[in-house]
Amino acid sequence: MEHELETIQPTERVEHDKPLDGDSTMEQKIELGLRLLELVRQGAPLVGLQFRQANLTSVELKAQGASAELRGANFSGADLHRANLAGCDFTGARFEGCRLTGANLPLTNLQGVVFDGSNLNLTSFYGADLRDASLQECSAEGTDFTDCR
């Protein structure tokens, strides 16, 4: 199935205020994933996006050497199991009550991020910047915090 994506200029500020929730169709989820990858490739800042309760299992927000800028995004309650978020900028984002099991977040900017109540089991934060992050009441068995700040 092919999807056509409108072109976004890299300098355009992209915001989305409608959450992709559990009732979204698979086609909507695929379309969102493709759109996000296209925006990452173009270098568009994805500031303040809302992903509350979204199922983003195995999503990849790294493409051709570029990483997503998702400062202040809200992922509260989202399923990010096995997601590849390497090198992304999530400064000030919210991940409360998320499922991040097996997620890959090395070299990621997570300053001031709230992970309270999240499942971080087997997640890699290798080299991530976790300064001022909140990790209250998280499970983190087998989680890699090597070389984190």
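Which residue forms a salt bridge with Arg 131? The partner is Asp 129, with the closest N and O atoms 2.5 Å apart. A salt bridge here is a side-chain nitrogen of Lys or Arg within 4 Å of a carboxyl oxygen of Asp or Glu.

## Basis of the model

This is a predicted model, in which local features need pLDDT of at least 70, side-chain atom pairs count only at pLDDT 80 or more, and totals for chains, interfaces and linings use all residues. Residues are numbered from 1 along each chain as its sequence is written, and side-chain values use heavy atoms, with hydrogens and water left out.

## Fold and burial

The chain has one helix and two strands, in the order α-β-β from the N terminus. Helices (H or I, at least four residues) and strands (E, at least two) are DSSP runs, numbered from the N terminus.

Of the 149 residues in the chain, 44% are buried. Buried means under 20% relative accessible area, exposed over 50%, and partly exposed in between (1.4 Å probe, protein chains only).

## Salt bridges

The structure holds four salt bridges. Asp 79 pairs with Arg 99, the closest N and O atoms being 3.1 Å apart. Both residues lie in the segment after β2 (66–67), so the pair ties together parts that are 20 residues apart in sequence. Asp 79 is buried at 16% relative accessibility, whereas Arg 99 is partly exposed at 37%.

Asp 129 is buried, at 4%, while Arg 131 is partly exposed, at 39%. Shared partners join Asp 129, Arg 131 and Arg 149 into one salt-bridge network.
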